[in-house]
Amino acid sequence: MYTLRGADHQEHGPLSARDVRDWISSGRANNDTEARADNEPAWRPLSQFVEFGPALQITAAANSPPALPAQKPNRIMAIAAFAVSFIPLIMTLPALALGIVALVFAKKKPQQFGGRKFAIAAIAICVFWIVGIPSAIYFGLPRLQRSMYRDSNCYTHARSLATSLRIISIGNNGTYPSADSWCDAISNEVTSTNHYQCPDDPKRGICGFAYNEKLSGVKNPDPNTVMIFESDLGWNGSGSISNVVATPRHNGQIAVGFANGQIRRVKPQALKSLRWDP
């Protein structure tokens with residue numbers, strides 16, 4: 001039998017072991033409740049009675065609050081930085097700042113903030129925009145300008161040759177010069193020998209254009225007839241569509257001059273649609 005000291009500081013007993021367990025299950029007794037067995041003179045807490053250990057554990061487990069589920073670290077900031085980093089120029093600096101803050105938080109408070117890989121990726125993308133775009137402009141713009149300058153020069157040269165051929169034909173009552181000496185025939189009209197050349201001609205030939213052989217000695221041809229075209233035939237070179245440069249020199253296009261003095265950029269597949277017979 002047992003005697004317990006309740007919360008009212010009064011002694012209750014004698015109680016059987018079953019009674020004590022009822023007290024425990026009803027919450028009237030706990031680990032700290034003083035008790036003694038009839039054969040014991042001293043009081044001691046119930047937690048020291050082996051026979052009541054299971055009942056105390058069951059009651060404690062039943063009364064303990066449920067464990068809260070572990071919260072996942074917040075990754076919103078890092079993911080937002082990663083998403084915004086793909087917008088160059090306008091959002092690069094905000095995305096970089098957001099990515100750095102997200103990375104710092106992920107390192108210092110990993111239980112609250114996550115997305116470290118997203119933050120690192122956002123920072124890397126922003127650095128690419130910051131370094132890559134100015135570098136592309138710095139290195140690419142001069143090359144583009146040189147290409148455009150050479151391209152413009154080629155058409156300027158072609159126009160000079162076409163104009164000179166028209167002047168010669170007008171002086172000859174509309175008759176165009178002979179195909180085997182056309183370069184020589186316009187030499188006094190062309191302002192510079194460089195005009196015979198194409199700046200993008202890899203062979204740097206003395207003449208980068210050829211004359212339509214079907215115009216040789218022709219009088220007043222159709223104005224839309226091909227007169228000159230880019231070719232590798234050289235000085236006084238003349239021919240037909242088969243003699244056009246095999247590899248276009250200007251972004252897939254070929255400079256072609258017509259009997260009316262116009263110069264056009266033509267793709268290779270469009271050459272057959274041009275008028276070659278005067």
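A: Happy to. Helices (H or I, at least four residues) and strands (E, at least two) are DSSP runs, numbered from the N terminus. On that basis the protein has six helices and nine strands. Its radius of gyration, taken over C-alpha atoms, is 48 Å, well over the 19 Å that the globule rule (2.2 Å times the number of residues to the power 0.38) gives for 278 residues, so the protein is more spread out than a compact globule. The C-alpha atoms fill a box of roughly 145 × 30 × 25 Å along the principal axes.

A word on the source: this is a predicted model, where local features need pLDDT of at least 70, side-chain atom pairs count only at pLDDT 80 or more, and totals for chains, interfaces and linings use all residues. Residues are numbered from 1 along each chain as its sequence is written, and side-chain values use heavy atoms, leaving out hydrogens and water.

Now to the rings. Phe, Tyr and Trp rings (for Trp, the six-membered one) pair if their centres lie within 6.5 Å; planes under 30 degrees apart count as stacked, over 60 as edge-to-face and the rest as tilted. This rule gives 10 aromatic pairs. One of them joins Y196 and W235, a tilted pair with 4.6 Å centre to centre and 55 degrees between the planes. Y196 lies in the loop between α6 (182-185) and β5 (209-212), and W235 in the loop between β6 (226-230) and β7 (238-239), so the pair links distant parts of the chain, 39 residues apart.

As for cover, buried means under 20% relative accessible area, exposed over 50%, and partly exposed in between (1.4 Å probe, protein chains only). Y196 is buried at 2%, whereas W235 is partly exposed at 32%.
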